[in-house]
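Morning, everyone. I have one structure to walk through today.

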Amino acid sequence: MNLGKTLFAQLMEFVPWTSFARIVARYSGDARVSALPSTEHFRIMAYAQLTWRESLRDIEATLGANPAKLYAMGLRQAVRRSTLADANERRDWRIWADFAAVLIRRANKLYADEPLGLDVNIAGNVYALDSSTVDLCLSLFDWAPFRSTKAAIKLHTLLDLRGSIPSFIHISDGKVADVNVLDILPLEAGAFYIMDRGYLDFARLYTMHQGGAFFVTRAKSNFNARRVYSSTVDKTTGVVCDQLVALNGHYVARDYPEQLRRVRFKEPSTGKSLIFLTNNTTLPAPVIAQLYKNRWQVELFFKWIKQHLRIKRFLGNSENAVKTQVWCAIATYVLIAIVKKELQLKSSLYTCLQILSVSVFEKTLISCALQTDDYKTQPPPDANQLILLGF
């Protein structure tokens with residue numbers, strides 16, 4: 001008796017396979033391939049992410065233990081670890097990067113109306129930019145130099161704070177400085193880019209300013225500028241001063257020839273004084289501090305994906321295999337976020353992943369399986385038990 005589709009099959013129905021096919025054709029991903037086409041490749045990688053498989057042998061063993069369910073997953077034949085290893089090594093990682101970008105654009109539209117929790121409404125998008133390092137073994141990953149005794153890759157991420165969806169990701173070796181990513185960052189006029197002091201480069205910030213984008217960052221301890229104008233502030237909000245400043249020094253003044261806004265804020269809980277720099281002159285000073293506080297969401301995003309996605313142990317040692325696994329992990333994360341929003345689920349992404357990790361082969365409606373509403377079940381009546389009246 002057919003009881004319906006498995007949860008994994010229902011999840012794969014949210015994948016835009018038409019767009020996926022165009023991307024595969026763009027990079028000739030299925031040229032001269034007979035054993036493992038790109039569609040099955042992604043399904044296997046998504047399965048590994050959802051069920052926390054950390055090795056090729058794990059994937060082969062767990063799928064081999066369920067041969068009757070492979071067809072329902074969209075797999076034509078049993079998975080061999082050698083075939084999957086070859087696909088990770090040879091199939092262009094840009095297929096998965098472009099596919100993740102398609103899912104990201106779809107997710108950004110779904111989460112465009114999410115509130116930011118600020119005192120005022122901001123019409124433009126708000127992004128947090130940061131990077132996270134994934135340590136690797138130097139003897140196995142010599143293409144990703146970091147230090148003399150270890151290798152690493154960096155995930156440079158631009159996180160859309162409406163929904164915590166990564167809008168831009170660049171994977172580099174560990175030696176690439178964070179500030180260099182500003183040279184390849186796609187700029188959006190009217191959007192806010194929140195960054196820490198590692199991205200403080202006045203020439204690059206001025207390029208962002210000329211592109212019509214706004215930035216909020218922190219000043220370094222050696223920041224040298226002269227006050228041009230001071231605005232009245234309400235110190236009960238924690239704002240100490242709100243000023244327009246001009247940079248001192250010949251070279252920095254040439255790199256950023258216009259005035260900057262400097263907001264000094266005293267953290268009420270710790271008493272620590274923070275100095276923010278921005279090119280936006282219209283938002284209230286407390287909102288500038290709130291924007292920078294929201295930058296912490298990108299740190300939480302890195303912590304979350306390292307804990308719940310398989311990007312710390314890799315299925316291959318080459319650059320192509322590592323990038324393939326990372327991009328498939330990001331695509332799976334965004335796909336779950338899309339399902340959560342389109343089905344209007346109240347469960348968190350963590351809860352959805354936990355449920356899917358143990359029930360991908362269950363045949364139940366996905367909208368019901370991922371709900372966490374509390375309910376009580378009544379035990380079925382026993383037809384053989386006598387009903388005692390009056391007791």
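**Gln 49 and its surroundings**

Start with Gln 49. Leaving aside residues up to four places away in sequence, Gln 49 touches Leu 309, Arg 310, Gln 325, Ala 329 and Thr 332. One caution before I go on: this is a predicted model.

Where does Gln 49 sit? It is in helix H3. Is Gln 49 buried or exposed? Its relative accessibility is 3%, and buried means under 20%, so Gln 49 counts as buried.

Stay with H3, which covers residues 38-50. Its partner here is helix H2, residues 17-26. The two axes come within 10 Å and cross at roughly 115°. The crossing is right-handed. Which residues meet there? From H2, we have Trp 17, Phe 20 and Val 24. From H3, we have Ser 38, Thr 39, Phe 42 and Arg 43. Sort the residues of this contact by type, and you get four nonpolar, two polar and one charged.

Now, the cores. The largest nonpolar core has 101 residues. Which of them touch the most other members? They are Leu 11, Phe 42, Leu 63, Ile 153, Leu 155, Leu 291 and Val 326. Helix H12, residues 319-342, gives the most to this core: 14 residues.

Next, Leu 129. Find it in strand E1, residues 126-136. Leu 129 has a relative accessible area of 1%, so it is buried. What does it touch? Again skipping residues up to four places away in sequence, the list is Thr 157, Leu 158, Leu 182, Leu 185, Ile 194, Met 195 and Tyr 199. Now look at Leu 129 and Glu 299. They are 170 residues apart along the chain, yet their C-alpha atoms are separated by 9.7 Å.

Last stop: helix H8, residues 202-210. Its buried residues are Phe 202, Leu 205, Tyr 206 and Met 208. Look down the axis of H8. Those buried residues fall within an arc of 155°, so they line one face of the helix. What covers them? The cover includes strands E4 (192-194), E5 (214-218), E7 (239-247) and E8 (260-266), plus helix H9 (250-255). Just after H8, look for Gly 212, which takes a positive phi of about 85°.

That's my tour. Questions, please.

Technical notes. Residues are numbered from 1 along each chain as its sequence is written. This is a predicted model: local features need pLDDT of at least 70, side-chain atom pairs count only at pLDDT 80 or more; totals for chains, interfaces and linings use all residues. Side-chain values use heavy atoms; hydrogens and water are left out. A nonpolar core is a set of buried Ala, Val, Leu, Ile, Met, Phe, Trp, Tyr and Cys residues joined through side-chain atoms within 4.5 Å. Buried means under 20% relative accessible area, exposed over 50%, partly exposed in between (1.4 Å probe, protein chains only). Helices (H or I, at least four residues) and strands (E, at least two) are DSSP runs, numbered from the N terminus. The arc is that of the directions from the helix axis to the C-beta atoms. Contact means heavy atoms within 4.5 Å. Axes are lines fitted to C-alpha atoms, for helices over the stretch in contact, and angles run from 0 to 180 degrees between N-to-C directions. A crossing is left-handed if the near helix is turned anticlockwise from the far one by less than a right angle, and right-handed if clockwise. Ala, Val, Leu, Ile, Met, Phe, Trp, Tyr, Cys and Pro count as nonpolar, Asp, Glu, Lys and Arg as charged, and the others, Gly among them, as polar.
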